[in-house]
Amino acid sequence: MSEEVAPHTHFQYADATHQSDTAVAGMWLFLASEVLFFGGLIIAWMFCRHWQPAGFDAGGRETVLWIGTLNLFLLITSSFVYSSGLAFMEAGNIRRLVQCCVVTMAIGTLFLLLKFYEWHIDLSENLFPAGPFKITGTDAGGARMFWSFYFVATVLHALHMIIGVGLVGWVAVQARRGAFDDGWYTPVEVVGLYWSFVDIVWIVLYPVIYLVGRG
Amino acid sequence: MSQIVLPQSQISYLSDGVSLRSWLLTTDHKRIAILYMISITFFFFLGGSAAALIRYNLLVPQGMIQSAETYNRLFTMHGIIMVWFFLVPAVPVTIGNFMLPLMLGARDLAFPKLNLISWYLFMAGGACALYALFSGGIDTGWTFYTPLSSNYAQGHVAAVVIGIFISGFSSIATGLNFIVTIHRLRAPGLTWYRLPVFVWSLYSTSVIFVLATPVLAITLILLLFETLFHVGVFDPRLGGDPLLFQHLFWFYSHPAVYIMILPGLGVVSEIIPVFARKELFGYKFVVWASVSIAVIAFFVWGHHMFVSGQSLFASVTFSLLSYFVAVPSAIKVFNWLGTLHKGHIRFDAPMIYAFGFIGLFTMGGLTGLFLAALAADVELHDTYFVVAHFHYIMVGGMVSAYFAALHYWWPKMTGKMYPEMLARAAALLMFLGFNVTFFPQFILGYLGMPRRYHAYPPEFQVLNVLSSAGATILAAAYLMPLVYLTFSLFRGDRAPANPWGGLGLEWQTPSPPFTINFVVTPVVTKGPYEFPKPGIEPSDV
Amino acid sequence: MRLTLPLAASTGAQTDLLLLGLLAVSLAVLGLVFWLMLVYAIRYRHNSPVDRGALAEKSFRFEISWTVATLVIFFGLFIWGSTIYVRLYQPPANALKVYVVAKQWMWKIEHAGGQREINALHIPVDTPIELIMTSEDVIHDFFVPAFRVKRDVLPGQYETMWFRPDRIGTYHLFCSQFCGTAHSNMIGDVVVMSAQDYAGWLTTSGGGKTLAAQGKGLFIRYGCAGCHLGGGTVRAPSLVGLYGSPVPLSDGSTAIADDRYIRDSIMQPKSQVVASYEPIMPSFANVIGEDDLVRLVAYIHSLAAEKHG
Ligand code: HEA
Ligand code: HEA
Ligand code: CUA
Ligand SMILES: [Cu+2]
């Protein structure tokens, strides 16, 4: 490299590619730690279910299937939209990228709104595990535990979604400001990785929450 | 590589801005390391004060402190602060932060801002924990066993748990930063097998940071949920399983104990060759020993649960794996001895600490073998034998390694030499005080004294008094470096760039280093310990 | 001040030997490490003129040999420790059963004859003793150093442990799992007595009705009899001869009807349903306390003897 350094490149890097590869590597590593985070949760979940499958299934049958399923499709669509945005970016079409970001955010927000509505239904049906609980009888214990896991998992996932919507919004703003060009758009890639991951977490949670009890 | 000449390139990182703001908003890994150092020193003396009160209480059988509740809060606070807010960040995050880019010939870590955020997370977590500990404290022990912690304990379990949770993110961020930096920012010619062992051990430590900490995080969230809402995941009365908590907790905390030793093993592997003027014996074996410790560490957690009611089969398996994880440590000890053989050994303070480390770590490790032997653990579990075991490794080993590192790199970090004779005296006093404090605890444990006891049967008194006397010596020894190192900042001699004759890249910068570390990126042509070899003859294989 | 711990159970002798073995190995290794450090520190100090001669260039041979040596020693220690451990958790069939219920912060002991005591355990010498233990709240740990045994006592579960005391005397009983404020006060005495003294103690310590007899009353009071004594409309298995025998379960597996199984059958009947029966038995969790549960189990236990005798 010459004396002149690309404006985005920090002083510890040799060049822009060096820097962007490094950022992508960092994101992958972060996702690896996220995998263990949600993985730990799901292992604990399956372990507890093993002792009282009937209660867990009784709890699982109370979930709102249509919202979960709709949300699954929404998220898969949003990942698709964002990836197209990335493809447009690679082709240098920043306007399209911004549009894709906006659509992605809209879908993400819709997901969250649906999720809030679902929680509302859950709470009004006395499905929060503490306090008076809808399911009584022998399955109550397992069902309560199912709903404990349900709330921990969905709240954590929703937090990730909120952060994700924020990040996509940030990408959109930066893109509009002309911060990226087809030579350097690392943040777009990195945020995409994160968004897909949050999507995948939902793909894993979906059957555990909505299908296992009904199967 | 680029040869950018930045304006501040010729300024030492210490004089590059002196305002508080320039420190608190810095992204320079060296300054962040100093911030960490100040924070963990504070936490060490806080945890140490709790230890002093513990030892004070145990002077008499009925307990000097009137209430058992206070005592229980003291050792809980001692354990939590020492583990999460002192020892875990001590060597890797403090010394490692400073030295890693220098040793790689890099200008900074890969993600300098993340590094600063990581410090703020650490402090936020610490503030949370401190708030809880001072506004009433908690009495669960540092292990938080359920259902005691979730449904019976009084106090601010939730706040402490949140504090540890937040500081966990700091660990993950640092680990991630280190791994990426080691992969991506090595100077030209610095191949994997030319990396100093300290870098390898930081790498292994970081892997544990990134892969074990999230499991602790999710465990704490479940615990928090149960504590706040009294729903059962871990409480059998509510249909949960208390052993599940122990499995999840130790799945993090066993690897975490290697977070608390691997960097120390790295420091010693760095110091021994330099002060013996001889190449590290069996470099590749030492390196792969670090990596294999980090890997096997994930599969031995059940050795904390031999009498907990887990299945016999699980116990037997975990015992076998615990023996496997001890093999790489043995390899390291023997390789250090091999390095000393036919060296030109000097006993400057870092080397005295390193010698102390080898001795105390070996004793701690060997007593770990007692605990890993199933039938012996049935007798020794949760007695003072365990307390002695882990203090030998963590205090005798890792704290010694921290002091070794601190003295070894002090001239580089501050540009000042510390008073050598005082430093040697402190090192010897620490070794003495340490043994007087903790050796009696092995005997106490073997005689059956359970840990976490506020009061004890009178026949244990003599050994307890001995232990408390030792702790007083130890406290004095720990205060010495605090005083003379601070003094040296103002009155110490100027340090040369390379006071010990080391061969690592960090010695090729001035002391203290420039803000950008290297004006010209160094090019590496040989291994980190290739000292001239007198009279080599090609030997047989 | 004594530096050795008296041994009062024949089952602990093996543990002592193991500890001694570990100590010997450790001292040998420690001696070697310290000796080499000392010798090298003196012989190869930087200003010593000693001839350093030729350095061994290749380290491979050393590495392999000490790694293998360490592995071999470790493997030996592992086998040694494990065999004793496995035996420690297999009580002989003729052991005298004593029930232990722990709670914050006391030990409640229930003998088969109905004698109850708190923070003390009286047992006859030279007899295998089996403890069946549970907790009413948090995790505790029953630790008798002189017997070289300890075992966590979990809520919601039976844990068992056994030993054979062989020396008359009084020994410490400690709770060694941190269980809250008065953890260090949850201590007591284990009194090992000669056979005659023990017989005398049993008669003077009251009891009156045996545990099993008390359990029989509870069996009626909790309504178990309605289903399990036949005659009614409900089809439930007879509990006579159940204890200790294999039970075919509806999922095809077989369980041995030990204390833990019987406990689970009462508290979580759905977890193990007997083959060819409907899962209609209600759960008695949160209905029956640990003290009563112990009596019911003892009663069901006694039904086995009824059949054989
Ligand atoms: C830095 C911390 C650290 C480290 C490195 C270790 C290392 C080891 N630990 Fe330790 N341990 C703790 C910290 C640590 N431990 C803590 C904090 C606890 C208690 C937690 C609590 O309950 O609060 C604990 C508890 C603990 C237990 C549970 C005890 C109980 O509660 O009942 C066990 C059981 O197996 C154990 C085993 C081991 C083993 C086998 C090693 C091995 O890795 C040691 C390997 C090293 C050597 C063996 C020495 C060098 C070797 C040689 C010189 C070779 C030659 C030797 C021969 C040929 C014999 N440890
Ligand atoms: C990780 C690091 C670490 C470190 C560095 C230490 C350092 C020390 N520890 Fe600690 N310890 C733990 C980790 C650590 N410990 C853990 C994890 C537990 C288990 C907790 C639990 O059960 O939950 C424990 C438990 C523990 C116990 C058992 C309590 C019990 O079970 O009832 C004891 C008892 O002696 C003890 C003592 C000490 C002493 C004397 C020191 C000394 O090395 C400290 C010396 C330092 C000072 C003394 C401070 C400096 C000087 C001053 C502040 C001046 C004033 C002091 C005097 C005048 C004396 N520790
Ligand atoms: Cu009960 Cu400690
Ligand atoms: Cu461990």
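# A chat about ligands, metals and rings

Visitor: Where do we start? Which residues come nearest to ligand 1?
Guide: Of the 35 residues around ligand 1, the nearest are B:Y258, B:D377, B:H381, B:H389 and B:R451. Keep in mind that this is a predicted model.

Visitor: Okay. Which chains does ligand 1 lie between?
Guide: Ligand 1 lies between chains B and C.

Visitor: What polar atoms lie by the oxygen atoms of ligand 1?
Guide: A polar side-chain atom of B:D377 lies 2.5 Å from an oxygen atom of ligand 1, and one of B:R451 lies 2.8 Å from an oxygen atom of the ligand. With B:A372 it's the backbone: an N or O atom there lies 3.2 Å from an oxygen atom of ligand 1.

Visitor: And which elements give two or more residues to that shell?
Guide: From chain B you have α8 (242-259), α11 (312-340), α12 (349-372) and α14, and from chain C there are α1 (13-43) and α2 (60-88).

Visitor: Which one gives the most?
Guide: That's α12(B), with 8 residues in the shell around ligand 1.

Visitor: How do the shell residues divide into nonpolar, polar and charged?
Guide: Around ligand 1 there are 23 nonpolar, 10 polar and 2 charged residues.

Visitor: Let's talk metals. What is the protein donor of the iron atom in ligand 1?
Guide: The only one is B:H389, through its NE2 atom, at 2.2 Å. You'll find B:H389 in helix α14 of chain B.

Visitor: How many Å separate that iron atom from the copper ion (ligand 4)?
Guide: The iron atom of ligand 1 and the copper ion (ligand 4) are separated by 4.5 Å.

Visitor: What are the protein donors of the copper ion?
Guide: B:H254 (ND1), B:H303 (NE2) and B:H304 (NE2), and they lie 1.8 to 2.1 Å from the copper ion. Along the chain, these donors follow the spacing H-x48-H-H.

Visitor: Is B:H303 buried or exposed?
Guide: B:H303 counts as buried because its relative accessibility is 17%, and the cut-off for buried is under 20%.

Visitor: Then why is B:H304 partly exposed?
Guide: B:H304 has a relative accessible area of 22%, so it counts as partly exposed.

Visitor: Switching to ligand 2. Which residues come nearest there?
Guide: There are 33 residues around ligand 2, and B:R55, B:Y71, B:H78, B:H391 and B:R452 come nearest.

Visitor: What sits by its nitrogen and oxygen atoms?
Guide: An N or O atom in the side chain of B:H78 is 2.8 Å from a nitrogen atom of ligand 2. B:H391 has a polar side-chain atom 2.8 Å from a nitrogen atom of ligand 2. For B:R452, a polar side-chain atom lies 2.7 Å from an oxygen atom of ligand 2.

Visitor: Which helices of chain B each supply at least two residues of that shell?
Guide: They are α2 (29-57), α3 (68-104), α14 (384-414), α15 (420-446) and α16 (461-491). The residues of the shell around ligand 2 divide into 22 nonpolar, 8 polar and 3 charged.

Visitor: New topic: how many aromatic pairs does the structure hold?
Guide: Over all chains, 83 aromatic pairs. One of them joins C:Y40 and C:Y44, a tilted pair with 5.7 Å centre to centre and 50° between the planes. Both C:Y40 and C:Y44 are buried.

Visitor: Which rings do the ring pairs link into a cluster?
Guide: Among them are A:W45, A:F56, A:F128, B:F225 and B:F229.

Visitor: Last one: where does the charged end of C:K150 sit?
Guide: Over the ring of C:F143, 3.8 Å from its centre. Over in chain B, B:K284 lies over the face of B:Y193, at 4.5 Å from the ring centre.

Technical notes:
Residues are numbered from 1 along each chain as its sequence is written. Chains are lettered from A and ligands numbered from 1 in the order in which they are written. This is a predicted model: local features need pLDDT of at least 70, side-chain atom pairs count only at pLDDT 80 or more; totals for chains, interfaces and linings use all residues. Side-chain values use heavy atoms; hydrogens and water are left out. A residue is near a molecule or strand if one of its heavy atoms lies within 4 Å of it. A polar contact is a pair of N or O atoms within 3.5 Å; within protein, one must be able to donate a hydrogen and the other to accept it, and residues adjacent in sequence count only if both atoms are side-chain atoms. Helices (H or I, at least four residues) and strands (E, at least two) are DSSP runs, numbered from the N terminus. Ala, Val, Leu, Ile, Met, Phe, Trp, Tyr, Cys and Pro count as nonpolar, Asp, Glu, Lys and Arg as charged, and the others, Gly among them, as polar. Rings of Phe, Tyr and Trp (its six-membered ring) pair if their centres lie within 6.5 Å; planes under 30 degrees apart count as stacked, over 60 as edge-to-face and the rest as tilted. Buried means under 20% relative accessible area, exposed over 50%, partly exposed in between (1.4 Å probe, protein chains only). A charge sits over a ring if NZ of Lys or CZ of Arg is within 6 Å of the ring centre and within 35 degrees of the ring normal. Donors are N, O and S atoms within 2.8 Å of the metal (3.2 Å for Na, K and Ca); water is not among the atoms, so sites may look incomplete.
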